[in-house]
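Please look through the sequence and the model below before reading on.

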Amino acid sequence: MGVENKTIGILIDELITTSMKCWHAQEAIMDPTLSDSARLAASERAQRSNAKRSALIIAIDKKLEDSEFTLDIKTYAGK
């Protein structure tokens, strides 16, 4: 299901989950006990999670713009 068909609640749930995955990947990047290849894989996971996180934030902002709620400040740069 595309983000345009998801409710704000589902998008926020996905944002929380994605943020936690990104945080765990970033923790692995900084773990000196891991091999270089494991840290590289973690950095790739962190990048993918961060990109998804940004897309979810934009989708949530767009949903809020189309609702009874208004946003005073954007949570990302550009539009």
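Is I12 buried, partly exposed or exposed? I12 is partly exposed, because its relative accessible area is 36%, where buried means under 20% relative accessible area, exposed means over 50%, and partly exposed lies in between, computed with a 1.4 Å probe and protein chains only. The model is a predicted one, in which local features need pLDDT of at least 70 and side-chain atom pairs count only at pLDDT 80 or more, while totals for chains, interfaces and linings use all residues. Residues are numbered from 1 along each chain as its sequence is written, and side-chain values use heavy atoms, with hydrogens and water left out.

I12 belongs to helix α1, which runs over residues 8-29; helices here are DSSP runs of H or I with at least four residues, numbered from the N terminus, whereas strands are runs of E with at least two. Together with I16, M20 and W23, I12 makes a nonpolar surface patch of about 400 Å². Such a patch is made of residues with over 30% relative accessible area and no salt bridge, with nonpolar side chains (Val, Leu, Ile, Met, Phe, Trp, Tyr) joined within 5 Å and like charges within 9 Å, and the accessible areas come from the Shrake-Rupley method with a 1.4 Å probe, only the protein chains shown counting as cover for residues.

The length of α1 can be checked against expectation: at 1.5 Å a residue, its 22 residues should span 32 Å, and its end C-alpha atoms are 31 Å apart, which agrees, the expected span being 1.5 Å times one less than the number of residues. The buried residues of α1 are L11, E14, L15, T18, C22, A25 and A28. They cover an arc of only 145° around the axis and therefore lie on the same side of α1, the arc being that of the directions from the helix axis to the C-beta atoms.

T18 is buried at 5% relative accessibility, and the C-alpha atoms of T18 and S49, 31 residues apart along the chain, are separated by 5.9 Å. C22 is likewise buried, at 4% relative accessibility, with 7.1 Å between its C-alpha atom and that of R45, 23 residues away along the chain. G9, by contrast, is partly exposed at 48%, and its C-alpha atom is separated by 9.2 Å from that of I60, 51 residues apart along the chain.

The largest nonpolar core consists of seven residues, L11, L15, L56, I57, A59, I60 and L64. Helices α1 and α2 (36-65) each supply at least two residues of this core, and the largest share, five residues, comes from α2. A nonpolar core is a set of buried Ala, Val, Leu, Ile, Met, Phe, Trp, Tyr and Cys residues joined through side-chain atoms within 4.5 Å. In soluble globular proteins, nonpolar side chains tend to be buried together.

The side chains of E14 and K6 meet in a salt bridge, with 2.6 Å from N to O, where a salt bridge is a side-chain nitrogen of Lys or Arg within 4 Å of a carboxyl oxygen of Asp or Glu. Both E14 and K6 are buried, and the count by this rule comes to one salt bridge.
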